[in-house]
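Subject: Handover of a structure

Dear colleague,

I am handing over to you the structure shown below. Please look through it before reading the notes that come after it.

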Amino acid sequence: MDAPAHLALYHFDACTSCGEVRRALEVLGVEAELRDVRTEPEHLHELREATGRTTVPVLRVETAAGAVEWLAESRAIVAWLYQRYGEGKRPPSLGPQVHRIAGVLMWVLFGLALVRPTERDLLFGGALGLGAMRAFLQAARTRSALQAAMGSVFLLGVGSVVLSARGDDALPWWYGAYALAGLLVLGLVIARGRRALKRRT
Ligand SMILES: N[C@@H](CCC(=O)N[C@@H](CS)C(=O)NCC(=O)O)C(=O)O
């Protein structure tokens, strides 16, 4: 392919695979127009029309001559970016691997917590702790505000499990966690509305 003249990334904030691509763009100092398919549905429409896909990330590469190529799958996109702009650097593998393994482990602990009621607090607390670590690491790597908020919800869950394990049931953990999740959803709806308003003006 000729040298790309314009890159556009179809993505959305909460999408972890998109975060990997945003991270690669940032590390490599590559400029790309970010097209959010959740807050700007017209981009989802364009993507579906051009590729038939409704999942992201997808990178649209346009050359100076006007040729357009669409790259899908986060790993393939990151590999392409490093190959083209990495100057010999290799794509990161540790961060994504830690994220994947922590995710699997978290669900195993959640599952075990359901079938082993005697160790429920420990298993549940462990799962929530892993969830918090995973979300905060991802937030730091990909600068996702949503992941940071998710990390806070998990952390609150850990605190509440500890309180409940100590017999302090005055604050059942799920009240706090759901209240925070509600606030988060509200915050996102407001932010989305404000962005949409800004685009129209
Ligand atoms: N294996 C794909 C995963 C693509 C994928 O599942 N993307 C999700 C978000 S992370 C998606 O677009 N889901 C559609 C939706 O949530 O509307 C990749 O790594 O790029």
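The notes below describe what was found in this structure.

This is a predicted model, in which local features need pLDDT of at least 70 and side-chain atom pairs count only at pLDDT 80 or more, while totals for chains, interfaces and linings use all residues. Residues are numbered from 1 along each chain as its sequence is written.

Overall architecture

The chain contains 7 helices and 4 strands. Helices (H or I, at least four residues) and strands (E, at least two) are DSSP runs, numbered from the N terminus. Read from the N terminus, the order of elements is β-α-β-α-β-β-α-α-α-α-α. Along the principal axes, the C-alpha atoms fill a box of roughly 70 × 45 × 30 Å.

Domains

There are two domains, domain 1 (4-85) and domain 2 (94-200), with bounds from an automatic or database domain assignment. Their centres, taken over C-alpha atoms, are separated by 28 Å. In the contact between them, 8 residues of domain 1 meet 10 residues of domain 2; two residues are in contact if their C-beta atoms, placed from the backbone, lie within 7 Å.

Helices α1 and α3

Helix α1 (residues 16-28) packs with helix α3 (residues 74-85) at an angle of about 10 degrees, and their axes are 9 Å apart. Axes are lines fitted to C-alpha atoms, for helices over the stretch in contact, and angles run from 0 to 180 degrees between N-to-C directions. The two helices, α1 and α3, are therefore roughly parallel to each other (angles under 35 degrees). On the α1 side, S17, E20, V21, A24, L25 and L28 take part, meeting S74, I77, V78, L81, Y82 and Y85 of α3.

The ligand

The residues surrounding the ligand are C15, T16, S17, T55, V56, P57, E73 and S74, each with its C-beta atom, placed from the backbone, within 6 Å of the ligand.

Residue A8

A8 belongs to strand β1 (residues 4-11). A8 counts as partly exposed because it has 19 C-beta neighbours inside 10 Å. Leaving aside residues up to four places away in sequence, A8 touches A32, E33, R35 and R60.

With kind regards

Note on methods. Parallel < 35°, antiparallel > 145°, perpendicular 65-115°, else oblique. Buried ≥ 20, exposed ≤ 12 C-beta atoms within 10 Å, placed from the backbone.
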